[in-house]
Amino acid sequence: MDISITAPASPPAPPATLKGVGFGRIFTDRMFAADFSPEKGWHDFRIIPLSNISLHPACCVFHYGAEVFEGLKAYRAEDGSIRLFRPLDNGRRLWNSCERMGLPQLPPEDFVEAVRTFVREEAPWVPGEPNTSLYLRPFVFCTDVQLGVHGIRNASFYIIASPVGSYYPHGLAPVHIAIEREDVRAVRGGTGYAKCGGNYAAATRATVKAEKAGYDQVLWLDGVERRYIEEVGAMNVMFKIGGTVVTPSLTGSILPGITRSTCITLLEEMGLSVEERRLDVTELLDAAKSGTLEEAWGCGTAAVISPIGSLSFDGVDYPVSGGNIGPVSQKLYDTITGIQYGRLPDAHEWVMRV
Ligand code: PLP
Ligand code: COI
């Protein structure tokens, strides 16, 4: 891959601290870009100053939502080295997301090379304070200018980067979750397994409703029978019930999370059995009532592990883990971040140095 690199106009000026800076609010001084056309394929790979993107108002992304994205982080280890975590898996998921949306696909190996080169260039922006990282947001969108609904011909691929601390301002603290009964996030046969912007747009109304009612996030039920657990907010979800960890199986409406897959491997290594299966909301609430629901947590790149302190269903609140962080949630958080920041051995070769 031939990447043209424009140097920063002035010396980079990363913030002295990320304390008080919200997630994804500030950005580095440059971005990665590339374009696709049927004639040239992917071309013009470049690292250029961060700027607004100028598009024709009839551009298909504005009307028909032809867009997919990824999310991964670059971590600064204590020895100063910079690491990525399972970036090839993000490249593979982007490939699958593009396939679902009819967008041109970037080979996963090229994705990794783009991410690595960009992070190397933006190295001064990878923060060093505890629990901070450089959040990377690759995205692909259609640039065709026409209002007819047709197959996609032209597209662009960008990566932008944001120095971040914890996803939630309160860090690793239990969240309060409302089980959503009206809206669904995605359906089988739809786009749930793809990381496309439309899934998040469809989730907004219920999320705002839950926040207004004093909850942090919603727990999504399936779109057909409205009874099987799917995801929590924009994270996969896991429950420890009677000593076994249960997580919804990937049925097509759920995003195949890389943190989810990491958790399954680590939980099995801890000697816990993990069941990937459908989980009925009544089974979950019965477990909460009888006390066999020992722990629950969301998992995703941004928050890593997000312990669930309570579940609300039709206005009734069910506390989980006594509203505290459970030992398995804590252990998963410590192990995953330990591997990412180089404090623990990387037995599975998940870490890639940039
Ligand atoms: N589910 C949704 C809807 C997400 O947006 C994310 C975040 O990317 C996840 C799950 C977790 O995926 P990952 O662990 O790969 O970040
Ligand atoms: C995640 O990384 O878990 C996310 O869902 C990212 C979010 C900001 C869309």
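Leaving aside neighbours within four places in sequence, N90 is in contact (heavy atoms within 4.5 Å) with E70, G71, L72, F85, F111 and I258. N90 sits in helix α2, which covers residues 87-101; helices (H or I, at least four residues) and strands (E, at least two) are DSSP runs numbered from the N terminus. With a relative accessibility of 2%, N90 counts as buried, a label that stands for under 20% relative accessible area, with exposed meaning over 50% and partly exposed the range in between (1.4 Å probe, protein chains only).

A word on the model itself: it is predicted, so local features need pLDDT of at least 70 and side-chain atom pairs count only at pLDDT 80 or more, while totals for chains, interfaces and linings use all residues. Residues are numbered from 1 along each chain as its sequence is written, chains are lettered from A and ligands numbered from 1 in the order in which they are written, and side-chain values use heavy atoms, with hydrogens and water left out.

Now for ligand 1. Its surroundings comprise 15 residues, of which the closest are K195, Y200, E231, T259 and T301; a residue qualifies as near if one of its heavy atoms lies within 4 Å of the molecule or strand in question. Helix α5 (258-269) and strand β15 (293-300) each supply at least two residues of this shell. Sorted by class, the shell has 6 nonpolar, 5 polar and 4 charged residues, where Ala, Val, Leu, Ile, Met, Phe, Trp, Tyr, Cys and Pro count as nonpolar, Asp, Glu, Lys and Arg as charged, and the others, Gly among them, as polar.

Polar contacts are pairs of N or O atoms within 3.5 Å; within protein, one must be able to donate a hydrogen and the other to accept it, and residues adjacent in sequence count only if both atoms are side-chain atoms. For ligand 1, a nitrogen atom comes 2.5 Å from an N or O atom in the side chain of E231. On the oxygen side, a polar side-chain atom of T301 is 2.6 Å from an oxygen atom of ligand 1, and a backbone N or O atom of A234 is 3.5 Å from an oxygen atom of that ligand. Of the 380 Å² of accessible area that ligand 1 has on its own, the protein covers 95%; accessible areas come from the Shrake-Rupley method with a 1.4 Å probe, and for residues only the protein chains shown count as cover.

A234 and T301 turn up again at ligand 2, which is surrounded by Y135, R137, Y167, A234, M235, G300, T301 and A302. This shell divides into 5 nonpolar residues, 2 polar ones and 1 charged one. Here the backbone does the talking: a polar backbone atom of A234 is 2.7 Å from an oxygen atom of ligand 2, a backbone N or O atom of A302 is 2.8 Å from an oxygen atom of the ligand, and for T301 the corresponding backbone distance is 3.4 Å. Taken alone, ligand 2 exposes 290 Å², and the protein buries 86% of that.

M235 is buried, at 8% relative accessible area. Not counting residues up to four places away in sequence, M235 touches Y168, G298, C299, G300, A303 and S306. Its C-alpha atom is 38 Å from that of A9, a residue 226 places away along the chain.

Finally, the charged pairs. The whole structure holds 23 salt bridges, each a side-chain nitrogen of Lys or Arg within 4 Å of a carboxyl oxygen of Asp or Glu. In one of them, the side chains of E121 and R30 meet at 3.0 Å, N to O. E121 belongs to helix α3 (residues 108-121) and R30 to strand β2 (residues 30-37), so this pair ties together parts 91 residues apart in sequence. R30 is buried at 2% relative accessible area, whereas E121 is partly exposed at 28%.

Another salt bridge joins D79 and R353, with the closest N and O atoms 3.8 Å apart. D79 is in the loop between β5 (72-76) and β6 (82-85) and R353 in strand β18 (residues 351-353), so parts 274 residues apart in sequence are tied together. D79 is exposed at 54% relative accessible area, and R353 is partly exposed at 44%.
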